[in-house]
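Please look at the sequence and the 3D structure shown here before reading on. The report then goes through the chain step by step.

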Amino acid sequence: MVRLIQTLLLSHKHIHLRWLKAHVGYLGNECADQLAKEAITKGDPFFLSKPLSYLKSEIRSAALSIWQDNWDNGETGRSTHDIVPRISNKPIGWNRE
């Protein structure tokens, strides 16, 4: 979706995105606010029902679970798996011996 929007913006040079101070009477801004509020009340599929931080945490957890499953059931790196059996996205120290 972002790439599509970027392509559209690049192909329509007359469209400019600018920051506007909120709630100071710009007609277009007021209309956009109203449409956003209506979309939320109508159950817009793009409305996030959970905070972004929660969704990031869930995605991270799912990705780590998939990664661990692939690490446990893989065919390569078995000697390393014996040393570091649990994956992590954080650096770990390990004893070479």
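## Overall layout

This is a predicted model, and the protein chain in it has 4 helices and 0 strands. Read from the N terminus on, the elements run α-α-α-α.

The protein chain has 97 residues, of which 6% count as buried. The chain exposes about 9200 Å², and carbon and sulfur atoms supply 60% of that area. When contacts with a separation of 6 or more are considered, residues 24 or more positions apart account for 9% of them.

## Confidence of the prediction

The mean pLDDT of the protein chain is 82, and 89% of its residues reach 70 or more. Among the elements of the chain, α3 has the highest mean pLDDT, at 91, whereas α2 has the lowest, at 78.

If its neighbours within four places in sequence are left aside, Leu9 is in contact with Ile15 and Leu17.

The loop between α1 (2–11) and α2 (27–41) contains Tyr26, and Lys21 is also found in the loop between α1 and α2. Lys21 counts as exposed because its relative accessibility is 51%, and the cut-off for that class is over 50%. Tyr26, at 42% relative accessibility, counts as partly exposed. Lys21 touches Tyr26 as well as Asn29, not counting residues up to four places away in sequence. Tyr26 also belongs to a nonpolar surface patch of about 270 Å², which it makes together with Leu20 and Val24.

## Helix α3 and the end of the chain

Which residues does Gln68 touch, not counting those up to four places away in sequence? Gln68 lies in helix α3, which covers residues 52–73, and the residues it touches under that condition are Pro85, Arg86 and Ile87. Gln68 has a relative accessibility of 7%, and it therefore counts as buried, since buried means under 20%.

Pro85 has its place in the segment after α4, and its relative accessible area of 38% makes it partly exposed. Leaving aside its neighbours within four places in sequence, Pro85 is in contact with Gln68, Trp71 and Asp72. Pro85 and Trp71 are 14 residues apart in sequence, while in space they are 8.0 Å apart, taken from C-alpha to C-alpha.

## Helix α4

His81 lies in helix α4, which is made of residues 78–83. Is His81 buried or exposed? At 16% relative accessibility, His81 counts as buried, because that value falls under the 20% cut-off.

Not counting residues up to four places away in sequence, His81 touches Trp71 and Asp72.

Terms used
Residues are numbered from 1 along each chain as its sequence is written. This is a predicted model: local features need pLDDT of at least 70, side-chain atom pairs count only at pLDDT 80 or more; totals for chains, interfaces and linings use all residues. Side-chain values use heavy atoms; hydrogens and water are left out. Helices (H or I, at least four residues) and strands (E, at least two) are DSSP runs, numbered from the N terminus. Buried means under 20% relative accessible area, exposed over 50%, partly exposed in between (1.4 Å probe, protein chains only). Contact means heavy atoms within 4.5 Å. Accessible areas come from the Shrake-Rupley method with a 1.4 Å probe; for residues, only the protein chains shown count as cover. Patches are made of residues with over 30% relative accessible area and no salt bridge: like charges are joined within 9 Å, nonpolar side chains (Val, Leu, Ile, Met, Phe, Trp, Tyr) within 5 Å. A salt bridge is a side-chain nitrogen of Lys or Arg within 4 Å of a carboxyl oxygen of Asp or Glu. pLDDT is the predictor's confidence in each residue, from 0 to 100.
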